[in-house]
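Hello,

Here is the structure I said I would pass on. Please look through it first, then read the notes below.

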Amino acid sequence: MNRVGIMLDWGIMQKGMKGDKSYERLTHYVEIGKELGLEPVFFHPFHVLAGDEKVHGYFWNGSRLVPRLVQIPRVIHNRVLTGDARARGVIQRLSRKKTVFNGLVVRDKRKVHQMLWKNPQIRMYLPHTVPYSGEQLKQFLEKYRVVYVKPSIGSVGIGVARIERHGNEYHFIASKKRKTMSLKRLMSVVRTWVGGKRFLIQQGIHLARYEGKTFDIRVSVQRNGERKWAVSGMVAKVANQQNKLSNLSRGGRAVPLTTAIAPTIPMDDQKGTLERIQEAAIVIAKQYAQHFPSLADLGMDMGIDDRGHPYLIEVNVRDQRYSFYKAGEKAMFKQTYRHPMEYAHTLIHEGKKPKKQLA
């Protein structure tokens, strides 16, 4: 049986060693691996020994992860998201010697937006987005009723502020708090909120609603056993009324996408709406992968307006996948594990290494 490396975050590895559950379903890797003739070797970059040939790998024994010193598998699915320089250095070195898919990529949302904007096919899906400055914020507030100020690098909604214009008053919504203020006060509050960090300003899309609340859509886009980009699943994330964020860790909730669009999109248009979202997600994945060929596993946050037109909110290079599980979409949830394993299977058996990604 061939081995495939599954590189996981440190916290996930620690839970696996104790036999505790996490958002990563280690058993799915094992079950799908058996079907494909693959044995997963779980590890973190810190488990790699000097020389990058051997690793303190971990294997699932039915209840927890147990260690064994083994050769580093030739094909590795990277699920680690870290800013730690040492860990990133290991991933970079492994990417030069092995086939690491979903390696290190540019995660700066502004730079990703610029990469995608280069493709005219994609522009219709991109909300107006610029680097933060006080002057740009004023212009956006004059032009749009809702504006987001968000970190250039970040995830799960942390640091995101929503600003709503109501006449001469502005609602600043962040960290589950809503404050009403004048424009002058708002500019001061946002300046403090941003501090010296890189932020961007994004046009707020008039999103479709479910039960009176806006929702966005998590789209899992992955390379499959044919090495083609495919949508593994789509699920709606309904915003928390307090902070207007849909992230599950920030109070949002997941529901099946077909349930969420039913009140807004007429029955005859629903199939076409789902197809448009999938088409947009795949063309975006292909464009991103032109810059980073190692990409194979993306979680996109997309929105639709009342007419069902899709917009990209952001691209996540480590989809945590649990929104599918929370929505009861168990088949989609498992598919998000199957496609990367099938992709790894083709890389192992055909022995073709994708071009090295940029650091």
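Strand E17 covers residues 297-304, and eight of its eight residues are buried, so the strand is largely enclosed by the rest of the structure. Please keep in mind that this is a predicted model.

In a regular strand, side chains alternate between the two faces of the sheet.

E17 has pairing partners. Strand E14, residues 213-223, pairs with E17 in the antiparallel sense over six bridges. In that pairing, Ile217 stands opposite Met302 of E17. E17 is also joined to strand E18, residues 310-316, by six bridges, and these two strands run antiparallel as well. Here Met300 stands opposite Val315 of E18. E17 and E18 form a hairpin with five residues between the strands, and Gly308 takes a positive phi near 90° in it.

**A loop glycine**

Gly154 sits in the loop between strand E8 (146-151) and strand E9 (161-166). Is Gly154 buried or partly exposed? Its relative accessible area is 23%, so Gly154 counts as partly exposed; the cut-off for buried is under 20%. Leaving aside neighbours within four places in sequence, Gly154 is in contact with Arg107 and Lys109. The C-alpha atoms of Gly154 and Asn316 are separated by 9.6 Å, although the two residues are 162 apart along the chain.

**The protein as a whole**

The protein contains 10 helices and 18 strands. Its radius of gyration is 21 Å, close to the 21 Å that the globule rule gives for 359 residues, so the protein is as compact as a globular protein of that length. The C-alpha trace spans about 65 × 50 × 40 Å along its principal axes.

Of the 359 residues, 55% count as buried. Among contacts with a separation of 6 or more, 63% are between residues 24 or more positions apart. The protein exposes about 16,200 Å², and carbon and sulfur atoms supply 49% of that area.

On charge, there are 62 positive and 30 negative side chains. The centres of the two sets lie 7 Å apart.

Regards

Conventions. Residues are numbered from 1 along each chain as its sequence is written. This is a predicted model: local features need pLDDT of at least 70, side-chain atom pairs count only at pLDDT 80 or more; totals for chains, interfaces and linings use all residues. Side-chain values use heavy atoms; hydrogens and water are left out. Helices (H or I, at least four residues) and strands (E, at least two) are DSSP runs, numbered from the N terminus. The radius of gyration is taken over C-alpha atoms; the globule rule is 2.2 Å times the number of residues to the power 0.38. Buried means under 20% relative accessible area, exposed over 50%, partly exposed in between (1.4 Å probe, protein chains only). Contact means heavy atoms within 4.5 Å. Accessible areas come from the Shrake-Rupley method with a 1.4 Å probe; for residues, only the protein chains shown count as cover. Lys and Arg count as positive and Asp and Glu as negative; His and the chain ends are not counted. The place of a charge is taken as NZ of Lys, CZ of Arg, CG of Asp or CD of Glu. Two strands pair if DSSP finds at least two bridges between them.
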